[in-house]
Amino acid sequence: MTAPIIVTGAAGFIGHAVAHRLLARGEHVIGVDIVNDYYDPALKEARLATFEGQNNFTFERCDVADAAGIAKLVKDNGVRRVVHLAAQAGVRYSIENPFAYERSNLAGHLSVMEACRHAPDFEHLVYASSSSVYGDKPMGGEGFSEDEPAMSPVSLYAATKRACELMSQSYATLYGFPQTGLRFFTVYGPWGRPDMAYFSFTQKILKGESIEVFGNGKMARDFTYIDDIVDGILGALDNPPATGEHRVLNIGDSHPVGLMEMIETLERAIGREAVKVMRPMQPGDVTATYADVSKLHALTGYKPKVMLAEGLQRFADWYLDHYKAG
Ligand SMILES: NC(=O)c1ccc[n+]([C@@H]2O[C@H](COP(=O)([O-])OP(=O)(O)OC[C@H]3O[C@@H](n4cnc5c(N)ncnc54)[C@H](O)[C@@H]3O)[C@@H](O)[C@H]2O)c1
């Protein structure tokens with residue numbers, strides 16, 4: 001039997017999808033999550049319920065910042081690969097709740113790295129970074145490249161994600177275990193996060209409430225469908241860098257879409273028109289994100305497959321089915 005893979009944030013949007021894909025290809029998965037109430041914990045519990053009957057899945061409800069607990073989990077199970085996705089996400093929330101980011105993102109990342117560096121024959125730590133590390137700056141025609149210095153974060157969330165990358169760089173140099181940081185660009189799809197615009201817009205449109213369109217609708221995002229993100233994560237996991245190497249890779253759709261176009265696409269998927277209230281940019285928001293994914297493509301053949309109209313339709317179908325009783 002191959003060693004189990006730890007997936008942190010397994011009750012979360014991306015972690016739950018990664019765990020399912022690993023299980024589908026016959027891996028043993030240990031899911032870790034504290035199941036906090038940053039957004040509706042019932043959605044996290046519903047995601048966890050989808051693992052019922054999966055004999056190769058075990059779940060540990062624990063805090064990734066609990067260094068002793070994470071180290072024990074890695075040691076007792078002979079873990080050699082970790083996909084670390086648990087984090088305090090969200091840009092706007094970091095304005096009001098900065099210390100949640102210190103614990104989950106900084107202490108959490110450190111305790112995962114410490115556990116990995118002590119594990120015998122450790123193979124690969126893949127962890128979540130974010131496109132927000134690029135800050136708010138004009139993009140070139142090729143999109144954001146990993147070669148940019150990314151030293152001007154405009155939110156504490158982004159700063160903690162960039163700090164995780166730098167911490168990983170130091171641990172690769174000091175202890176030599178292979179690591180990959182993935183800079184995700186706006187992930188969406190079924191089982192998504194209620195704090196993200198496409199999800200909260202859907203809730204409001206269906207209730208007949210108006211939606212607030214920030215940045216006066218002039219923002220653009222590289223919306224990336226969940227299945228494409230999972231393809232990229234597993235591609236990176238399966239192709240570790242050499243010993244002593246830490247690399248950072250973009251993982252996005254490479255096709256930025258304006259907020260107004262996203263809303264129109266969503267209206268078509270739901271079959272209802274939104275009442276829009278235009279608002280200025282919020283602190284910490286960035287104008288546009290767009291990934292240059294050529295490095296991940298060269299390494300793994302990564303190529304996003306699901307276009308926004310199809311992806312939002314799948315989301316809307318899931319949403320209507322999941323919340324039909326409520
Ligand atoms: N979804 C996106 O568009 C996006 C974009 C960029 C980066 N990311 C990053 O990808 C990762 C996964 O994001 P997601 O969208 O699935 O978010 P999510 O909030 O749905 O999942 C994160 C999970 O981590 C858990 N968690 C938080 N703090 C924890 C702690 N201290 N100990 C244990 N568990 C803890 C939460 O309960 C949650 O279930 C995060 O690191 C996030 O910052 C996501």
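Predicted model: local features only at pLDDT ≥ 70, side-chain atom pairs only at ≥ 80, totals over all residues.
Residues are numbered from 1 along each chain as its sequence is written, and side-chain values use heavy atoms, with hydrogens and water left out.

The largest share of the shell, 3 residues, comes from E5. Around the ligand there are 28 residues, a residue being counted if one of its heavy atoms lies within 4 Å. Asp 33, Tyr 39, Asp 63, Tyr 157 and Val 187 come nearest. By class, 16 are nonpolar, 7 polar and 5 charged.

Polar contacts (pairs of N or O atoms within 3.5 Å) include one of 2.8 Å between a ligand oxygen and a side-chain N or O atom of Lys 161. A backbone N or O atom of Leu 85 lies 3.0 Å from an oxygen atom of the ligand. The protein covers 97% of the 820 Å² of accessible area that the ligand has on its own (Shrake-Rupley method, 1.4 Å probe).

In helix H2 (residues 41–49), Leu 43, Lys 44, Arg 47 and Leu 48 are buried, that is, under 20% relative accessible area. These four lie on the same side of H2 because they cover an arc of only 145° around the axis, taken from the directions from the helix axis to the C-beta atoms.

Notes: Polar contact = N/O pair within 3.5 Å; in protein donor to acceptor, adjacent residues only side chain to side chain. Helix = DSSP H or I, 4+ residues; strand = E, 2+ residues; numbered from the N terminus. Nonpolar A, V, L, I, M, F, W, Y, C, P; charged D, E, K, R; others polar. Buried < 20%, exposed > 50% of the residue type's maximum accessible area, 1.4 Å probe, protein only.
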